[in-house]
Amino acid sequence: MIKSLNTEDTLENAGLTDEEQQLFSNARPQAYEPYPIKAVEDFANWARANSLWILAFGTGCGAIELRPLMTARFDASRFGVAGRPTPRQSSVFVIGGYASVKTLKRIIRSYEQMQGPKFIICLGICPVNGGMYFDSYNTVNQFDQYLPVDLYITGCMPRPEVLVAGIMELQKKIKAGECNGANRYVENFDWYKANQKKVIKNWDMPDYNW
Amino acid sequence: MIIEDFDFWLGKAGYFSLTLLIVTFYGLLVGAFIDRTIAKVQGRIGIPYRQPFINILKNFFKRTAISHGVMFYLGPVFRIAGGIGTLAFIPVLYGSEMFSNFSMAGDLFLVIYFMFFGQLGMALGAGESGHPYAAIGIARGLSQMTAYEVPFVLAVISIVIQYDTLSITQIVAAQQGGWQNWTVVTNWVATLAAMLAFLGMMGYSPFDIFLAPQEIPIGPPTEFHSAYLGLMQLNRALFGATKLVLFMNLFFGGATSWPELMIKTLLIYMVAIVVGVAFPRFRVDQGIRFFFKIPTLIGIMSIVYVQMMLVA
């Protein structure tokens, strides 16, 4: 991304040193409109729903439930689900259970590098209200204060069947055009950033990771 | 005179566009079939047949794309140019005016050159993405390519000596009249060397060291996304099918109809798949040493063999 010179839509990048400021983009993310013709948007949504690539980033204990998805017993590839080792190519981020503050920083970094439209599934009870870690000093209790969530699958731990059911539910929502997490994130960008910086004390990355 | 020529070339270009469409479609379909075959080996059901098409559509429908520079844009473009260029000079169906593309005297050398071109463009593009895994992937991919090109080119030299021509159409023509005339029978040594090189060319296990999903997350395309990735997936199908057609033409008697082409290319593809599902991945040094040992020796032997055959 090229550095934005327009002062109105630039980010401060206050966490970076002067030298690092030159290396990172300071442009703000932008919200994206759907295609003007409804049939095209519906077709695009159908394609997006039937080709969900999950980012291979295990963020908590729930990540163990992601592995069996690809094996013979559950075989999520039937539904167009595939694992992707790089955030650039993935469209679904599964938050596997609790998110510690240390991991949250990496989650934000990875999420912002994903290309929209992108979706977040929260697995387990911990991202909803903290679960058994509700009074822990280093986990966040409500995950949707930090990143926009499209679907919750609660339980401790939900089994892979439920995850498959959740993915199919997400597909229905995408086809209906209800999953606009990436746009919500951009529209409420300052609120999300303030919340993120409240818990992440050592903010040493750009305000938006292009 | 000029206008007549223009019509001729316009017709050729039209026919080639049709070939391009069919071969790409076939490549995507056969990719899904192979994925399902591998899934069956692992006890899974596997992806639906439409999955490769949906994946490409999805990537083109992505709302955002970022760039790392001019070469980053050009990488996938060079890659697909390499794929289209390779197909352009391979006669797809023997004896068909429509599907013989721009085949001419000496096209075999051009094809081998074009096969290299796409990879080099990709190397430059992925290099500019700046991701360390991409750089490692390129280093691995290019060194493996250098290694498998040795037995492949030796095998090609052998059949060029055998048929005394550099034209793929004439090589196919020399193999007509029954399976006993195919190169796999008349010059089985060269075919063996080329098929070993083919394993490295297709990039399945044990030679998938440049993608290596579990150690250098998918290697060169790590930073490519959205339409860039869509273009690369399209090329993967096209280039894969093109290589199969080339091997079929050089060693397995070519094809005179589409069903014959499909059966033959599928069986050739199966060689890479059977080896792929049975063997784990090589280390980098093992993969490269492999090609410089037995396959290269077989390649040299094939030239000796064809000389002896010509003398006798």
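Three salt bridges are counted between chain A and chain B; a salt bridge here is a side-chain nitrogen of Lys or Arg within 4 Å of a carboxyl oxygen of Asp or Glu. This is a predicted model, in which local features need pLDDT of at least 70 and side-chain atom pairs count only at pLDDT 80 or more, while totals for chains, interfaces and linings use all residues. Residues are numbered from 1 along each chain as its sequence is written, chains are lettered from A in the order in which they are written, and side-chain values use heavy atoms, without hydrogens and water.

**Interface**

Contact means heavy atoms within 4.5 Å. By that rule, 35 residues of chain A touch 32 residues of chain B. The buried area is about 2,800 Å², and carbon and sulfur atoms give 56% of this. Buried area is the accessible area (1.4 Å probe) that two parts lose on being put together, summed over both. Arg88(A), Gln89(A) and Gln115(A) supply 20% of the area that chain A buries against chain B, more than any other three residues. Arg88(A) also forms a salt bridge with Glu223(B).

**Salt bridges**

Over all chains, the count is 16 salt bridges. Four of them are listed below.

| Pair | N to O distance |
|---|---|
| Arg88(A) and Glu223(B) | 3.0 Å |
| Glu41(A) and Arg63(B) | 3.0 Å |
| Arg281(B) and Asp208(B) | 3.7 Å |
| Asp285(B) and Arg283(B) | 3.3 Å |

Take Glu41(A) and Arg63(B). Glu41(A) sits in helix 2 of chain A and Arg63(B) in the loop between helix 2 and helix 3 of chain B, so the pair joins two chains. Helices are DSSP runs (H or I, at least four residues), numbered from the N terminus. Both Glu41(A) and Arg63(B) are buried. Buried means under 20% relative accessible area, exposed over 50%, partly exposed in between (1.4 Å probe, protein chains only). Arg48(A) joins Glu41(A) and Arg63(B) in a network of salt bridges.

Within chain B, Arg281(B) and Asp208(B) are 73 residues apart and link distant parts of the chain. Arg281(B) is partly exposed at 24% relative accessibility. Asp208(B) is buried at 12%.

**Chain B**

The mean pLDDT of chain B is 88, and 98% of the residues score at least 70. pLDDT is the predictor's confidence in each residue, from 0 to 100.
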